[in-house]
Amino acid sequence: MLYIIPTPIGNLADFTFRAVEVLKSVDLILAEDTRTSSVLLNHYQIQKPISPYHQHNEHKIVAHLTDQLAAGKTIALLTDAGTPGISDPAFLLVRACVKNNIRVECLPGATAFVPALVNSGLPINSFCFEGFLPLKKGRQTMMKKLAEEERTMVFYESPMRLVKTLNEFIQYFGAERQCCVSRELTKKFEENKRGNLQEVHDYFNDKQVKGEIVIVVEGKP
C-alpha cells in the first residue's frame, strides 16, 4: 500500500495525528529531500528507513518501488512541503500503483494554495490552479491564454522571479487586475499583500523577497 502524506508548509505543528501514526507504521518513507524530511521525522520521533524520491530519479525507480508495493510493503511518500503531487513528484508512482491494482491512500493536509486562495479576498467559487508557469517554451502562449481566463487563477512562483512574473501579468492581464501575493504562509513572517497588479508589483520591486510564493489573480471581468 502507498500512503501520500502532506507535510507542513512552514509550521511543524500543522501535521496531523494520523500522519504521524501512518509514518510510524510503514516499512519505508520516500522523501523529496531526506535532509528536509528528517527534521520533521525527528521532531515527531519517527524512526523508519528513508529513501530519496524526486524529479531526478522518479522515472528510474518507479518500477522498483511498484514491485516492492506489489510484494506487500507499505510505503509513505513525503515532499518538502505540502501535498505530494501538487507541483511536486507523486504522479508517476500513483499512476503505476493504480495500473497495478495497488491501493493508494492520500491523507488530507497542508497545501499552500488553499490558504492563499481563501485569504486573498478574491472569488473562490470557481478557480484554476496553474502551479509554476513554464520558464521559457510556451510561456508567452500560456500568458495569452490565461489573459482570457474568467476564473480566479492561482500560481506558484519563486521569490527570485516574483517581480518579473508580476510585470508579465501587467502586460498580459492589465495593471488594474486585482491580486494577492502570499509568502511565508504559516510562518512567523507570513505576509499577504493585496491590491491591483501594479500596486503589488511596485511593493515587491522595492524590497528583498524571501520565502515560498503563491500568487492569486482575479479572472477576466
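## About the model

Because this is a predicted model, local features need pLDDT of at least 70 and side-chain atom pairs count only at pLDDT 80 or more, while totals for chains, interfaces and linings use all residues. Residues are numbered from 1 along each chain as its sequence is written, and side-chain values use heavy atoms, with hydrogens and water left out.

Helices (H or I, at least four residues) and strands (E, at least two) are DSSP runs, numbered from the N terminus.

## The parallel sheet

Let's start with the open sheet of 5 strands, whose order is E3-E2-E4-E1-E5 and whose pairing is parallel. Two strands count as paired if DSSP finds at least two bridges between them. Strand E3 (50-52) and strand E5 (104-106) are the edge strands; each has a single partner strand, so one side of each lacks a neighbour in the sheet. On average, neighbouring strands here are turned by 25° against each other, direction ignored. Axes are lines fitted to C-alpha atoms, for helices over the stretch in contact, and angles between N-to-C directions run from 0 to 180 degrees.

Strand E1 (residues 2-4) runs parallel to E5 and is joined to E5 by 3 bridges. Within that pairing, Tyr3 has Glu105 of E5 as its bridge partner. Helix H4 (residues 91-99) packs on this sheet, where H4 touches E1, strand E2 (28-31) and E5, and the direction of H4 makes about 145° with that of E1. Contact here means heavy atoms within 4.5 Å.

The structure holds 10 salt bridges, each being a side-chain nitrogen of Lys or Arg within 4 Å of a carboxyl oxygen of Asp or Glu.

## Helices H3 and H4

Helix H3 (residues 58-70) and H4 have axes that come within 10 Å and cross at roughly 35°. Their crossing is right-handed; a crossing is left-handed if the near helix is turned anticlockwise from the far one by less than a right angle, and right-handed if clockwise. From H3, the contact takes in Glu58, His59, Val62, Leu65, Thr66 and Leu69, and from H4 it takes in Leu92, Leu93, Ala96 and Cys97. By class, that contact has 7 nonpolar, 2 polar and 1 charged residues. Ala, Val, Leu, Ile, Met, Phe, Trp, Tyr, Cys and Pro count as nonpolar, Asp, Glu, Lys and Arg as charged, and the others, Gly among them, as polar.

## The mixed sheet

Another open sheet has 5 strands in the order E6-E7-E10-E8-E9, with mixed pairing. At its edges stand strand E6 (127-132) and strand E9 (191-196), each with a single partner strand, so one side of each is left without a neighbour in the sheet. The twist averages 15° from one strand to the next.

Strand E8 (residues 178-183) pairs with strand E10 (residues 213-217) in the antiparallel sense over 5 bridges, and Cys179 has Val217 of E10 as its bridge partner. Helix H8 (residues 197-205) packs on the sheet and touches E8 and E9, its direction making about 135° with that of E9.

## H7 between two helix contacts

Now for helix H7 (residues 162-173), which packs with helix H6 (residues 139-146) at an angle of about 55°, the axes being 9 Å apart. H6 and H7 are therefore oblique to each other; angles under 35 degrees count as roughly parallel, over 145 as roughly antiparallel, 65 to 115 as roughly perpendicular and the rest as oblique. The H6 and H7 crossing is right-handed. Their contact has 5 nonpolar, 2 polar and 3 charged residues.

H7 and H8 have axes that come within 9 Å and cross at roughly 160°, and these two helices are therefore roughly antiparallel. The crossing of H7 and H8 is left-handed. Residues of H7 in this contact include Leu162, Phe169 and Phe173, and those of H8 include Leu197, Val200 and Phe204. By class, the contact of H7 with H8 has 9 nonpolar, 4 polar and no charged residues.
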